[in-house]
Amino acid sequence: MYRELSVCRACGYPNSDLPTLKQTTAGAMGVYDRMDGLIPVFDLGIQPLANDFAAKGDERAGFYPLKVMYCPRCTNAQLSVVVDPGVLYRHYSYVTSPSEALKRHLGQLSGLMTDEGLGGCSMVEIGSNDGAVLDWFRQHGTDVVCGIDPATNLCNEAKARKVSCVNSLFDVEAATTAMKIIGDFPSRVLARHCFCHIHDWKEFIAGLDALAGPQTVTFIEVPHAHELLDRVEFDTVYHEHLDYLSIGAMKALLANSPFYLYRVEKFPIHGGSMVLVLRRRSSTQKEHPSVAEHYEREDISGDRWRVFGEHAHRKIAALAKEVTGRVSRGERVVGYGASAKSTVWINACKFTTKEIKWISDTTPQKQYKQSPGSNIPIVDPGSLTRELPDAAVCFAWSYFPEIQAKERLFVEKGGTWIVPHAERNALVAI
Ligand code: TMP
């Protein structure tokens, strides 16, 4: 049900006989960057699939190796195995969170598109999920929209919003169907946080080649490995995320394609995201200065990845100690937000219902199911103020400011937030 990945997905190393790319990273090359082949840099052992939320007694997708390999040639980092997408996405329950942070972000994204002279017109979204993002763009001046998503349940939700959706993985055929729906080449293609889930990047580029007209601009939003390393956000390492992308890796991937990296912009959403803007090589637009600026600043190396791994294991130990310490003092500890990240933390910390009683979540598809691996029950979001536990681990940490504001009563009644990756002193920050 999974296969090993022994070749870099971005540049083909070590199979390709291309010379090692110039290391443009701000840091010096270390021991790890001089090693041959793909280098193991972070290992969480055997883990469940992060979104395999299932009802009690339902069939589970099982456990798979979760290890990151670093490519010293193009600085891409990728998982050591690819889980069969039929297994990975069979019962997919990830739904784009309808948060204030997302609305703010879409406003900023829309601003970037306007800056590129792309107001109104049409948009195709790859990985359109439940259609919420396209619905937002339609309400903010985009005339025609169409989504493409492999999850049938989510496509149906998009259609209920009156957002047209092609129920398929993204390939040439899906691109052609989407074009028939919108009646022309789209002015914009958007792919938010799905690029590193894509099993075959060559097929993605072929699909984009079919979809993008001479003037189409493509916006690919991904987490930047640079920030992942800076903030030690190891909880974004799970089986759906096949790659931890760098600008160097994207350049390597596009090297022999009809597209080039035209612009790079950073945004604060999800603890730091990067939008890679692609144009056709035939475009007359010159590369935007932001590409060189961000590429020069990109500090990614095998040694940084190794340090990241050590730091991540310290964070895991710190959360395990914090929670087990509280439980042994008789406190009731719960989780807030059954994010995929929560699965990574919970399994890395080896928590069971003894440590985390339940996890509340706003997503109806997750409620009354169980967290993968630990079988911790997922409950409705009202549980926090109804049951007033002593402490709650905010596993939806990237939304913490709005959650804290929304759940004021919890703290007023004596509850304590434990927040992964937080830097504020007033909280129990991990
Ligand atoms: P995400 O980080 O992958 O978007 O997942 C966040 C999870 O947290 C998602 O399942 C929805 C949940 N959530 C809440 O339960 N309450 C909230 O206020 C927010 C913003 C998210």
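**Ligand shell, aromatic pairs and loop residues**

A polar side-chain atom of Lys 406 lies 2.4 Å from an oxygen atom of the ligand. A polar contact is here a pair of N or O atoms within 3.5 Å; within protein, one atom must be able to donate a hydrogen and the other to accept it, and residues adjacent in sequence count only if both atoms are side-chain atoms. The protein covers 95% of the 490 Å² of accessible area that the ligand has on its own, with areas taken from the Shrake-Rupley method and a 1.4 Å probe; for residues, only the protein chains shown count as cover.

The model is predicted: local features need pLDDT of at least 70 and side-chain atom pairs count only at pLDDT 80 or more, whereas totals for chains, interfaces and linings use all residues. Residues are numbered from 1 along each chain as its sequence is written, and side-chain values use heavy atoms, with hydrogens and water left out.

Two further lysines approach the ligand through their side chains. For Lys 366, a polar side-chain atom is 2.7 Å from a ligand oxygen atom; for Lys 341, an N or O atom of the side chain is 3.5 Å from an oxygen atom of the ligand. In total, 15 residues surround the ligand, and Asp 361, Thr 362, Lys 366, Tyr 399 and Lys 406 are the closest. A residue is near a molecule or strand if one of its heavy atoms lies within 4 Å of it. This shell consists of six nonpolar, five polar and four charged residues, where Ala, Val, Leu, Ile, Met, Phe, Trp, Tyr, Cys and Pro count as nonpolar, Asp, Glu, Lys and Arg as charged, and the others, Gly among them, as polar.

The aromatic residues come next. The structure holds 14 aromatic pairs. In Trp 136 and Phe 137 the ring centres are 5.1 Å apart and the planes stand at 80 degrees, so this pair is edge-to-face. Rings of Phe, Tyr and Trp (its six-membered ring) pair if their centres lie within 6.5 Å; planes under 30 degrees apart count as stacked, over 60 as edge-to-face and the rest as tilted. Tyr 260 and Tyr 262 also form an edge-to-face pair, with 6.4 Å centre to centre and 90 degrees between the planes. Trp 136 and Phe 137 are both buried, and both Tyr 260 and Tyr 262 are buried; buried means under 20% relative accessible area, exposed over 50%, and partly exposed in between (1.4 Å probe, protein chains only). One aromatic cluster is formed by Phe 42, Phe 234, Tyr 244, Trp 305, Phe 308 and Trp 345.

Charged side chains also meet rings. Arg 9 lies over the face of Trp 201, 4.3 Å from the ring centre, and Lys 251 over the face of Tyr 295, at 4.9 Å from the ring centre. The criterion is that NZ of Lys or CZ of Arg is within 6 Å of the ring centre and within 35 degrees of the ring normal.

Several loop residues complete the description. Gln 370 is found in the loop between strand 15 (359–360) and strand 16 (378–379); helices (H or I, at least four residues) and strands (E, at least two) are DSSP runs, numbered from the N terminus. Gln 370 counts as buried because its relative accessibility is 15%, and its side chain makes a polar contact with the side chain of Arg 60 (3.5 Å). Asn 375 lies in the loop between strand 15 and strand 16 and, although not a glycine, has a positive phi of about 60 degrees.
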